[in-house]
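Please examine the structure shown below. The paragraphs that follow lead through its aromatic rings and then its strands.

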Amino acid sequence: MTIKLQYFGLIAEVVGCQQESLTLATIATVAELKAALFEKYPPLSSVYFNLAVNQKMASENTPIDATSEIALLPPFAGG
């Protein structure tokens, strides 16, 4: 399955790009995606981030598929 990922802020700096397509054998949940990303980008495992699927904050067991819109977001503050 090929999924499209968008990276923002510090996350983009760590992985070296703002977006990419990632082909993975079997990914069904956010937890599995994060494990694959930590394997590809080991420094990412020490960075705190939130993950959004289809523009909604996701939990570890949120399902994903090839049509999911996925974004890795660093912590942010606003007012």
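**Aromatic rings and strand pairing**

One aromatic pair is counted under the rule that rings of Phe, Tyr and Trp (its six-membered ring) pair if their centres lie within 6.5 Å, with planes under 30 degrees apart called stacked, over 60 edge-to-face and the rest tilted. The pair consists of Phe38 and Phe49 in an edge-to-face arrangement, 6.2 Å centre to centre with 75° between the planes. It links distant parts of the chain, eleven residues apart: Phe38 belongs to helix H2 (residues 30-40), and Phe49 to the loop between H2 and strand S3 (50-53). Helices (H or I, at least four residues) and strands (E, at least two) are DSSP runs numbered from the N terminus.

This is a predicted model, in which local features need pLDDT of at least 70 and side-chain atom pairs count only at pLDDT 80 or more, while totals for chains, interfaces and linings use all residues. Residues are numbered from 1 along each chain as its sequence is written, and side-chain values use heavy atoms, with hydrogens and water left out.

Phe49 is buried, with a relative accessible area of 7%, whereas Phe38 is partly exposed at 27%; buried means under 20%, exposed over 50% and partly exposed in between (1.4 Å probe, protein chains only).

Strand S5 (residues 69-73) has four of its five residues buried. S5 pairs with strand S1 (residues 2-7) in the parallel sense over four bridges, where pairing requires that DSSP finds at least two bridges between two strands. Gln6 stands opposite Ala71 in S5. S3 and S5 pair in the antiparallel sense, also over four bridges, and Asn50 has Leu73 in S5 as its bridge partner.
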